[in-house]
There are 2 protein chains.
Amino acid sequence: MGRNRATLADVARLAGLSKTAASMVLNGREGTRLSPEAHQRVFAAAEELGYRPNVAARSLRTRKTATIAFVSDIVATTRFAGGLIRGALDAARERDHVLLIAETQGDAAFEQYAIEAMLDRQVDGVIYAAMATRRLAVPPAIHSGPVVLLNATSPENLPCVLPDDERAGRTVATALLDKGHRDRIALIGRNRLKEREAEVSLAAQARLRGIQDTLSAAGATLFADVFCSDWLPEHGYAAMRGLLTRPTRPSAVICMNDRLAFGAYQALGEAGLAVPTDISVVSFDDDPIATWLRPGLATAALPHEQMGRRAVEILLDGGTTEPTLVPMPLRRRRSIAAPVA
Amino acid sequence: MGRNRATLADVARLAGLSKTAASMVLNGREGTRLSPEAHQRVFAAAEELGYRPNVAARSLRTRKTATIAFVSDIVATTRFAGGLIRGALDAARERDHVLLIAETQGDAAFEQYAIEAMLDRQVDGVIYAAMATRRLAVPPAIHSGPVVLLNATSPENLPCVLPDDERAGRTVATALLDKGHRDRIALIGRNRLKEREAEVSLAAQARLRGIQDTLSAAGATLFADVFCSDWLPEHGYAAMRGLLTRPTRPSAVICMNDRLAFGAYQALGEAGLAVPTDISVVSFDDDPIATWLRPGLATAALPHEQMGRRAVEILLDGGTTEPTLVPMPLRRRRSIAAPVA
DNA sequence: AACGTCCGCTAAACTGATTTAGCAGAGCAT
DNA sequence: ATGCTCTGCTAAATCAGTTTAGCGGACGTT
């Protein structure tokens with residue numbers, strides 16, 4: 001790859017100057033006393049030869065590669081997480097950096113291998129990303145340089161970027177209160193494990209807290225709490241069916257994520273109930289499916305692109321060790337309406 | 001990153017040998033005459049120091065970086081295409097390579113920039129991937145080394161990896177024929193543009209051909225052909241509604257992709273019709289949503305992981321210039337049944 | 001005239017590996 | 001004793017950049 005590329009020596013020769021001079025000119029070094037003509041000749045020569053510096057050679061001396069490692073447990077392959085990568089890619093490009101990507105697949109040996117492979121390539125920093133927002137243990141090898149956690153926290157208080165799930169909980173609850181729902185708001189997707197274990201999820205607890213705080217501030221409480229063993233459509237379906245067997249029907253349902261909401265829609269459809277006329281539905285994530293449902297699902301969007309961006313910005317531009325919370329904007333779609341009577 | 005790593009010189013010193021000796025031992029060079037004791041001492045020293053070679057330094061000399069560029073139009077961020085990356089990542093790891101990822105976002109300037117950034121880093125080869133299976137123009141800069149097209153072909157007949165859409169068409173049609181459907185099979189998702197312009201899609205034409213060939217071989221023809229301006233749920237919904245207004249109802253529907261099928265399910269649900277009791281549905285892609293639908297959607301799966309793998313294998317292990325067609329296995333789910341009388 | 005200073009530039013060292021060319025000593029034949 | 005080959009190893013060049021140290025000449029000062 002890249003045979004017969006012009007080297008700096010070629011440029012210098014063509015410009016009739018030394019490699020030193022050429023290097024300094026091309027790097028725009030201040031305080032050098034090279035003449036304007038010398039500058040011109042170097043630029044002209046570089047242009048003529050289509051010169052591009054060899055990053056390997058440069059990094060050997062400078063120990064900078066303009067390359068960032070993006071290591072994730074499994075994030076690269078999931079529907080959501082493309083956004084994390086895309087944001088990171090974008091921000092990296094703006095700073096003339098590129099991304100080396102690796103996946104650990106949740107396996108410690110893979111992880112070790114992947115991180116070493118990145119360090120061997122002298123990456124300037126590491127972004128360590130998780131698929132589900134959670135706390136995790138950072139492998140020690142990574143500590144040899146700058147790190148930012150993405151969608152995760154660690155006991156060591158490394159800089160990290162997280163979605164602001166608690167505020168999203170408030171947003172979602174407020175959206176319902178504003179429409180006039182109050183005493184018949186149900187919640188689908190309670191889950192002891194997710195709420196308790198930070199290593200499993202940070203989102204569940206935060207979303208729940210945001211919802212509950214907002215409701216109690218308005219003098220309301222949840223009308224019903226449905227627990228689900230996981231957050232998949234089938235669980236949302238079962239949960240909604242359960243809710244519909246009760247004597248009083250909820251006027252609105254908050255689902256802990258869009259997949260649950262999808263299941264809930266299915267159950268409502270089968271029961272012949274309409275969203276939002278009979279029941280309003282609101283949710284979290286903004287999975288692509290939220291736009292495909294009929295009517296569109298109102299949901300607090302996981303700002304994956306923004307998060308990916310911020311991670312790179314913090315890594316490269318420096319920034320707080322404080323966790324960075326990225327807001328989750330509410331996508332207002334037609335699944336919310338005022339309750340009927 | 002990676003401060004105070006041991007260098008080859010450190011290893012050599014500790015082993016009491018020259019850098020040359022250490023290098024040869026660690027690279028397992030044949031035909032060298034270094035003693036068994038020398039081997040031992042070098043290995044011991046490397047182990048003790050935790051030596052790992054500096055890839056930049058090595059590649060400066062050898063012009064190999066064990067790094068592959070994965071350049072895509074927009075593939076990295078879409079729900080599907082994670083599989084392409086994951087497969088490539090896996091195959092690369094097996095061969096001790098890593099992936100540099102870039103996205104062109106369909107913009108020629110970005111593309112130019114991205115490819116140059118990769119070439120500057122002396123990648124050993126390039127995988128050029130497209131989101132939608134299609135023909136595309138490969139930027140000239142890329143030709144300076146090995147390339148494999150992924151999910152795409154080019155006029156230059158570069159080696160490429162494609163899903164076998166035509167065979168998938170046959171598979172899908174056969175699945176319906178086998179159940180006893182014959183004269184009332186409808187197709188949703190005909191699209192002149194996609195079928196005609198290879199730069200837009202290669203899948204549409206191939207799938208259609210597979211379906212039609214199989215049906216006519218069985219002495220059948222399509223009962224109805226519904227055209228759609230795009231392959232999104234809303235189009236599938238409208239198409240199915242249209243079909244249901246006809247005097248005779250189809251016994252089975254083939255959708256050109258799962259999103260259309262999702263829309264079709266929605267229309268069926270509203271019409272109070274059940275899948276597969278009233279109508280069988282079968283489709284292409286195996287989008288995650290196919291498993292979430294009730295009942296699960298039978299569909300010919302885009303083998304993204306396999307495709308990603310194959311691309312790396314062809315790039316690194318060498319292989320045919322012939323297009324590689326990767327089979328699309330049918331995921332048998334409950335959306336297909338025998339027609340009711 | 002001698003000295004110092006600034007200007008414009010360059011030689012050479014350095015980064016960490018691989019690779020080429022070749023050296024010293026042992027053993028053997030003549 | 002001389003020459004030859006083989007063994008086991010090393011010095012030095014090389015890759016393509018960056019960076020340090022410093023050189024020769026013009027100019028101004030005393």
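B:Val98 sits in strand E2 of chain B, which covers residues 98-103. The model is predicted.

**One residue**

Is B:Val98 buried or exposed? B:Val98 has 23 other C-beta atoms within 10 Å. The cut-off for a buried residue is 20 or more. B:Val98 is therefore buried.

Which residues touch B:Val98? Leaving aside residues up to four places away in sequence, the contacts in chain A are A:Leu100, A:Ala102, A:Ala117 and A:Arg121. Those in chain B are B:Ala66, B:Thr67 and B:Ala92. B:Ala311 lies 213 residues from B:Val98 along the chain, and the C-alpha atoms of the two are separated by 14 Å.

**One helix**

Helix H1 of chain A has the buried residues A:Val11, A:Ala12 and A:Ala15. Seen down the axis of H1(A), these buried residues fall within an arc of 95 degrees, so they line one face of the helix. Helix H2 and helix H3 of chain A are among the elements that cover them. After H1(A) comes A:Gly16, with a positive phi near 70 degrees.

| Helix of chain A | Residues |
|---|---|
| H1 | 8-15 |
| H2 | 19-26 |
| H3 | 36-49 |

**Two chains**

How can chain A be laid on chain B? A turn of 180 degrees and a shift of 0.0 Å along the axis do it, with an RMSD of 0.1 Å. The two copies are thus related as by a two-fold rotation axis. The same surface serves both copies, as 98% of the contact residues of chain A recur in chain B.

Definitions and conventions. Residues numbered from 1 in each chain as written. Chains lettered and ligands numbered in written order. Predicted model: local features only at pLDDT ≥ 70, side-chain atom pairs only at ≥ 80, totals over all residues. Helix = DSSP H or I, 4+ residues; strand = E, 2+ residues; numbered from the N terminus. Buried ≥ 20, exposed ≤ 12 C-beta atoms within 10 Å, placed from the backbone. Contact = placed C-beta atoms within 7 Å. Arc of directions from axis to C-beta. Least-squares fit on C-alpha atoms with pLDDT ≥ 70 in both.
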